[in-house]
Amino acid sequence: TSLQEFDLIFFGGTGDLAMRKLLPALYNRFRDSQHTQGWRIIGVARQDMSRDDYLNLVNEHCRQFIPHGEFDAVAWTAFTAHLEYLKLDGLLADDYAELARRLQHSTDRVRVFYLSTAASLFAQICQNLSAAGLVTPQTRVVLEKPLGRDRASSFEINEAVGKIFEERQIFRIDHYLGKETVQNLIALRFGNSIFEPLWRRSNIQDVQITIAETVGVEGRGEYYDRYGALRDMVQNHLLQLLCILAMEPPSSIDPDAVRDEKLKVLRALKPITMDAIKTKTVRGQYRAGAIDGKAVPGYLNEDGIPADSSTETFVAIKAELENWRWSGVPFYLRTGKRMQERVAEIVINFRPVPHAILPVSASEGNRLVIRLQPDEEVMLYLMVKVPGAEMKVRPVDLNLDFKQEFKTRQWDAYERLLMDAILGKLTLFMRRDELDAAWRWIDPIRDGWDALGEPPKGYAAGTWGPTAASTLITRDGFTWREDG
Ligand code: BG6
């Protein structure tokens, strides 16, 4: 994809996301396409600083997130020549006059406002942009997650943004949708004919979606403690993966065709009612422990975390879909910080053979693993005879390792999504009704936990979470992949 002419304005331009992900992603796109003209990036934040100060900050903080092999000093200098800085308080209408002045000569260009501030500011920022005459037909707004803390607050934000921007201009980002293997899941399902007949309750026994991280709250304590794992990860990333996995084949790859199908999945989620909250959900909080042999503190001892916090850093949920394709198939969702390994993967366990003539244990069926992290891989486990006189079988994987197969560098999720926003491609962004349906399922879980009033279950850092997370799945006769 080549770049077209655009102005990209980052609210939160000095923030963690801009430095860690957004600017490195743009640098990579710039370097690969060598597109030199007709675009600029304006970092916007409240700090008073000059353009030089900003460039120093970017050089200091952002460069370290560009892997050594990808750094090219000439390209970097050329890239930063496109960067500007503007001091602006998003809430002050008067501050927008200078932004308007900077943009006055490029009114017919694509204009992208990327809001990576607290979602509670989105409404006011959009109103101020509009009042300053900055919203042109070619303008798009990108909204970072989490969009609200619950269904009601998300409704309010969407309502306010929707008064200024049309839905086709609103890009609600979930960076998991930009990950290469998620694209590959779509390719696997809809580019091959062999999977579709198997992709249903008659052949699939259970599905596990895990996003385990080894990091803790990493200086984001204040934000994290207000949100917790359910809102930070499940409401968005895990549910989006579930949607792509479980949706009916859309009639095309057009944004609404895909999003209509995802919406149906979210609407088919069986509500988790109060009587099921204890058996179908587990919330945990990490205690002190060790990651890769190095001692790490517990959540309550992290910076910015109140000593009596009951915010969860781990969630496991048994989700179910009420439709013909998936009725009776459990989808176990799990995510946590400070877990044993950094791994994000989808595991699809097929049913065992109906009648065993070979010595295969009942729990060993075929398995498809779609791995997003740390490496991008697709593994299909088949039963194979072990060489020798005896008829012994065991699972062996057909492994597609993308790094091996395609020697090219993988795009980061933000590279793809930023380019899509600039190009106006909405397929990988969430539509308003999807978000609403996701919150509609999440809110009762949160309410259930509140009503229950139990603290989250402790787990030592460097483990797979509280023991209750194992019980959640063994109760149904299954095991998590690392145990099975
Ligand atoms: C973010 C969450 O959306 O995703 C973080 O806010 C989390 O808490 C991150 O660490 C994980 O993303 P990735 O791409 O590193 O798996």
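Does Tyr96 count as buried or exposed, and at what relative accessibility? Tyr96 counts as buried, at 0% relative accessibility. Buried here means under 20% relative accessible area, exposed means over 50%, and partly exposed is in between, with a 1.4 Å probe and protein chains only.

Some ground rules. This is a predicted model, in which local features need pLDDT of at least 70 and side-chain atom pairs count only at pLDDT 80 or more, while totals for chains, interfaces and linings use all residues. Residues are numbered from 1 along each chain as its sequence is written, and side-chain values use heavy atoms, with hydrogens and water left out.

I will start with the aromatic rings. Rings of Phe, Tyr and Trp (its six-membered ring) pair if their centres lie within 6.5 Å; planes under 30 degrees apart are stacked, over 60 edge-to-face, and the rest tilted. By this rule there are 24 aromatic pairs. One of them is Phe11 with Tyr96: the ring centres are 6.4 Å apart and the planes are at 25°, so the pair is stacked. Phe11 belongs to strand 1 (residues 6-11) and Tyr96 to helix 4 (residues 96-103), so the pair ties together parts 85 residues apart in sequence. Helices (H or I, at least four residues) and strands (E, at least two) are DSSP runs, numbered from the N terminus. Phe11 is buried too, with a relative accessible area of 3%.

Tyr286 and Tyr299 make an edge-to-face pair, with 5.7 Å centre to centre and 80° between the planes. Tyr286 is in strand 8 (residues 281-287), and Tyr299 is in the loop between strand 10 (294-296) and strand 11 (314-319), 13 residues apart. Both Tyr286 and Tyr299 are buried. There is also an aromatic cluster made of Phe6, Tyr27, Phe30, Trp39, Phe71, Trp76 and Phe79.

Next, the ligand. Which residues surround the ligand? They are Lys145, His175, Tyr176, Lys179, Glu213, Arg220, Asp232, Met233, His237, Lys337 and Gln373, where near means that a heavy atom of the residue lies within 4 Å. Two residues of this shell are nonpolar, three polar and six charged. In this count Ala, Val, Leu, Ile, Met, Phe, Trp, Tyr, Cys and Pro are nonpolar, Asp, Glu, Lys and Arg are charged, and the others, Gly among them, are polar. Helix 8 (residues 221-246) gives the largest share of the shell, three residues.

Polar side-chain atoms lie 2.8 Å from a ligand oxygen atom for His175, 2.4 Å for Tyr176 and 2.7 Å for His237. Taken alone, the ligand exposes 400 Å², and the protein buries 84% of that; the areas come from the Shrake-Rupley method with a 1.4 Å probe.

Last, the backbone. The peptide bond from Lys145 to Pro146 is cis, with omega near -10°. Gln373 and Pro374 are also joined by a cis peptide bond, with omega about 0°.

Asp292, not a glycine, has a positive phi of about 50°, and at 76% relative accessibility Asp292 counts as exposed. Arg338, not a glycine either, has a positive phi of about 50°, but at 14% relative accessibility Arg338 counts as buried.

Notes
Polar contact = N/O pair within 3.5 Å; in protein donor to acceptor, adjacent residues only side chain to side chain.
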